[in-house]
Amino acid sequence: MKSTEDQLNHVMVEFYEKLSSWEQAVVKDNGYSLPQIHTVEILGGHGPMRMKELAEKIGVTTGTLTVQIDKMVKSDLVTRMPHESDRRSILVALTQKGQALYREHDALHLQLTGELTAEFSDAERVQLLSFMKRINAEF
């Protein structure tokens, strides 16, 4: 019999794979890349960010992010603007089109979360939220 640690490992990997597959399926229908959607999600949840901070949250280099942001500016999803107090910094922010995409994608996430936890009690949802927050805090 597998240890709890081993079972947990496999269940977490399986969840990640299923969530990734779902995300890929949702994204391919709207014409944007997965990294672009992740950028929209981060900016939608956090507001305008410095390039360096955004790159760290996404897990890419600033060089890679620059290429992606250039494409997103051309698609009118984001805009670059000078930082108010630091003239050397550039902030990236969602445009109205980017904000609409964020709301649309966030609604799909909310629907999925509702479907996945439909059979959970309120207490189980609270417990899952607590566990997920603790897991996320480790990253």
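Along the sequence, the elements of this predicted model run α-α-β-α-α-β-β-α-α. That makes six helices and three strands. Both kinds are DSSP runs, numbered from the N terminus: helices are H or I with at least four residues, strands are E with at least two. Residues are numbered from 1 along each chain as its sequence is written. In this predicted model, local features need pLDDT of at least 70, side-chain atom pairs count only at pLDDT 80 or more, and totals for chains, interfaces and linings use all residues; side-chain values use heavy atoms, with hydrogens and water left out.

The C-alpha atoms fill a box of roughly 55 × 30 × 25 Å along the principal axes. Of the 139 residues, 25% are buried. Buried means under 20% relative accessible area, exposed over 50%, and partly exposed in between, with a 1.4 Å probe and protein chains only. Contacts mean heavy atoms within 4.5 Å. Among contacts between residues at least 6 apart in sequence, 43% join residues at least 24 apart.

UniProt, in an unreviewed entry, places the feature "domain: HTH marR-type" at residues 5–137. Such annotations may be inferred rather than shown by experiment; positions follow the numbering used here, and feature names are shortened. Over residues 5–137 the chain is 71% helix and 9% strand. The end C-alpha atoms of that stretch lie 19 Å apart.

Now take helix H2 (34–46). H2 has 13 residues and reaches 18 Å from first C-alpha to last, close to the 18 Å expected at 1.5 Å a residue. The expected span is 1.5 Å times one less than the number of residues. Its buried residues are Leu34, Gln36, Ile37, Thr39, Val40, Ile42 and Leu43. Gly47 follows H2 with a positive phi, near 85°.

Helix H3 (51–58) comes next in this tour. Met51, Leu54 and Ala55 are its buried residues. Seen down the axis of H3, they fall within an arc of 100°, so they line one face of the helix. The arc is that of the directions from the helix axis to the C-beta atoms. An α-helix has 3.6 residues a turn, so residues three or four places apart point the same way. Lys52 and Glu56 are exposed on the face of H3 turned away from the buried side. The buried residues pack against H2, strand S1 (49–50), helix H4 (62–74) and S3. Just after H3, Gly59 takes a positive phi of about 90°.

Move on to helix H5 (residues 96–116). H5 has 21 residues and reaches 30 Å, close to the 30 Å expected. Gly98, Leu101, His105 and Leu112 are buried in H5. They cover an arc of only 65° around the axis, which puts them on the same side of H5. Gln96, Arg103 and Leu110 are exposed on the other side. The cover over the buried residues of H5 includes helix H1 (4–28), H2 and strand S3 (90–94).

Last, the open space. The largest pocket holds about 2,100 Å³. Of its 36 lining residues, Phe15, Leu19, His109, Met132 and Asn136 are the closest to its centre. A pocket is an open set of points on a 1 Å grid over the protein atoms alone, where a 1.4 Å probe fits, with protein on both sides within 12 Å along at least five of seven lines; lining residues have an atom within 4 Å of a point. The volume is the space filled by probe spheres set on the points, which are joined across faces, edges and corners. H1, H2, H3, H5 and helix H6 (122–137) each supply at least two lining residues. H1 gives the most, with 11.
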